[in-house]
Amino acid sequence: MTTELFEAVIVGAGFAGIGAAIQLKRLGIEDFVILEREDDLGGTWYVNHYPGLAVDVPTTTYSYYFEPNPNWSRMFSPGEEIKQYADTVAAKYDVPRHIRYNTTVDGARWDEDISAWHIDVRGEQPITARYLITATGFLSQPHTPDIPGIDTFEGRIVHTTQWDADYDPAGERIAVIGTGATAVQLIPELAKTAADLTVFQRTAIWVVPKIDFRFGPLAKKTFARFPWTQRLLRWLTDSIYEVMVSVGVRHYGMFRGRFNIAASDLSKIHRFLVIRDKELRRRLTPDYDFGCKRPTFSNGYYQAFTRSNVHLQDAGIARIENDGIVGNDGIKVGIDTLVLATGFDLWEANFPAIEVIGREGRNLGKWWRETRFQSYQGVSVPYFPNFLSLAGPYAFLGLNFFNTMEYQMQLMDRLFSEMKRRNATTFEVTEEANAEFLDRMTELLGESVFTVGNCASANSYYFSPNGDPALLRPTSTETAIREAMNFPLSDYRLS
Ligand code: NA7
């Protein structure tokens with residue numbers, strides 16, 4: 001079989017893939033292809049389009065630092081604006097011509113003889129590339145729950161990642177399974193017109209008010225004419241989020257959870273002001289510490305439960321029948337539509353998102369499971385030369401994906417520039433550097449909410465199946481960027 005040749009392959013055309021493409025171009029590498037399984041770019045912001053979809057980080061912060069957007073309509077912009085932003089940035093840097101849509105990567109294997117990756121593309125000829133960059137995101141593999149009888153349901157069944165834009169919930173009897181960030185956005189929208197909406201909650205979620213407002217024409221004009229004004233606002237929202245993650249998550253122990261207690265008090269007051277029914281408030285109250293799992297921001301979620309057409313079911317699901325859901329309390333709820341707001345298979349299907357076989361036949365997924373989930377600076381793994389995993393263990397800086405991108409682009413810059421300087425064609429992180437990084441991350445997590453807090457009942461995707469809180473990189477954004485710009489070059493073997 002013939003094989004196509006590229007200098008680099010990027011898997012995924014979401015914000016991470018677009019960022020990696022921009023960085024490669026800055027480094028003078030144009031011979032690369034982005035393989036994307038969907039038929040458009042934008043990743044999660046293309047796939048998700050359920051009613052109520054919005055970013056849950058201020059948009060001033062949720063954007064590439066080098067590409068501020070003066071046109072955001074509000075502080076927490078709706079999904080379609082974020083998708084539009086992805087289109088605009090990609091077009092500006094001439095990224096789309098590198099993208100191959102409807103292309104699913106099945107796996108990749110390192111070939112020691114030619115020092116390159118063989119990439120298997122479903123139904124197409126394989127690709128050979130010197131560098132492999134997986135930009136597959138953290139939440140990209142939808143989770144369909146394995147509830148008894150789910151296949152027998154005869155009504156409409158939809159996962160939130162596959163929303164049908166023509167679906168009209170008016171007059172429908174709807175069940176929503178799940179109460180994560182997606183459900184918190186969707187439920188108030190469905191509640192407006194559904195005849196009956198039953199929310200099946202397994203684990204209550206912390207919800208705090210959202211300080212959201214529109215950016216009027218004057219604000220937009222000011223951002224466009226005086227970009228420093230938007231930078232200033234970004235600095236403010238960046239700082240607030242940085243402090244939240246630092247005090248509430250990373251240094252939970254040092255602050256004895258005081259920030260988390262204050263945040264849960266805020267959520268409690270919010271519930272108290274909105275919901276008069278004491279028992280309902282109790283049922284909506286989480287029994288784990290604020291911060292163990294991603295908290296949500298909403299002014300409409302609790303409100304929705306005060307409507308007469310909205311019901312909370314927290315007894316658990318026994319089974320699904322052809323026309324409804326039977327709870328563990330024996331009560332059956334008849335429904336027309338079943339909405340699965342059940343999130344994503346993060347650890348099971350995303351670490352890694354494709355099969356990756358490195359040097360000496362090492363299988364990345366197996367190795368992570370047999371040892372621990374680990375990656376140097378959140379991107380590199382020993383035995384996997386010329387490979388960067390942008391959604392790796394300990395990569396995510398918490399809350400804002402763009403800060404993560406920022407340091408990863410810096411790291412690419414330093415690494416590839418040094419390769420060029422030395423005329424090298426292969427890089428591989430050393431086992432020592434990787435082990436040292438893992439030890440450091442483990443130690444830093446020692447005083448985090450995940451270690452010190454009460455997270456047992458949170459069902460949080462921040463924890464890997466073996467119990468390590470291996471998703472989050474427990475350093476500040478500033479530290480991550482500084483390390484990406486200054487890491488010892490001896491941490492990599494270049495040849
Ligand atoms: P999440 O946050 O993973 O939430 C998924 C929800 O679905 C959560 O409440 C789960 O309950 C629930 N779930 C999953 N499987 C089941 C079964 N079998 N039965 C009952 N309930 C179930 O995904 P989202 O899409 O809401 O949000 C993802 C991210 O998008 C979010 O963190 C933001 O970063 C943006 P559980 O809590 O596991 O008990």
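Trainee: What do the buried residues of H15 pack against?
Mentor: They pack against H6, H12 and helix H13 (431-444). Contact means heavy atoms within 4.5 Å, and helices (H or I, at least four residues) and strands (E, at least two) are DSSP runs, numbered from the N terminus.

Trainee: Which residues of H15 are the buried ones?
Mentor: In helix H15 (residues 477-486) they are Thr477, Thr479, Ala480, Ile481, Glu483 and Ala484. Buried is under 20% relative accessible area, exposed is over 50%, and partly exposed is in between (1.4 Å probe, protein chains only).

Trainee: Before I go on, what should I know about the model?
Mentor: It's predicted: local features need pLDDT of at least 70, side-chain atom pairs count only at pLDDT 80 or more, and totals for chains, interfaces and linings use all residues. Residues are numbered from 1 along each chain as its sequence is written, and side-chain values use heavy atoms, with hydrogens and water left out.

Trainee: OK, the core. How many residues has the largest nonpolar one?
Mentor: The largest nonpolar core has 149 residues, and Phe15, Ile119, Leu197, Leu388 and Tyr492 have the most contacts inside it. Such a core is a set of buried Ala, Val, Leu, Ile, Met, Phe, Trp, Tyr and Cys residues joined through side-chain atoms within 4.5 Å. Helix H12 (residues 401-422) gives the largest share of this core, 10 residues.

Trainee: And why does this core lie between the domains?
Mentor: Because domain 1 (4-141 + 346-494) and domain 2 (150-210 + 253-288 + 298-340) both give residues to this core. The bounds come from an automatic or database domain assignment.

Trainee: How far apart are the C-alpha centres of the two domains?
Mentor: 32 Å for domain 1 and domain 2. Their contact takes 19 residues from domain 1 and 16 residues from domain 2.

Trainee: Switching topic: which peptide bond is cis?
Mentor: The one from phenylalanine 351 to proline 352, with omega near -5 degrees. Proline 352 sits in the loop between helix H10 (346-350) and strand E17 (355-357). Most peptide bonds are trans, and most residues other than glycine have a negative phi.

Trainee: Where does arginine 256 lie, then?
Mentor: In the loop between H6 and helix H7 (258-274). Arginine 256 isn't a glycine, yet its phi is positive, about 50 degrees.

Trainee: Is tyrosine 383 buried or exposed?
Mentor: Tyrosine 383 counts as buried, at 16% relative accessibility, whereas arginine 256 counts as exposed at 63%. Tyrosine 383 also has a positive phi, about 80 degrees.
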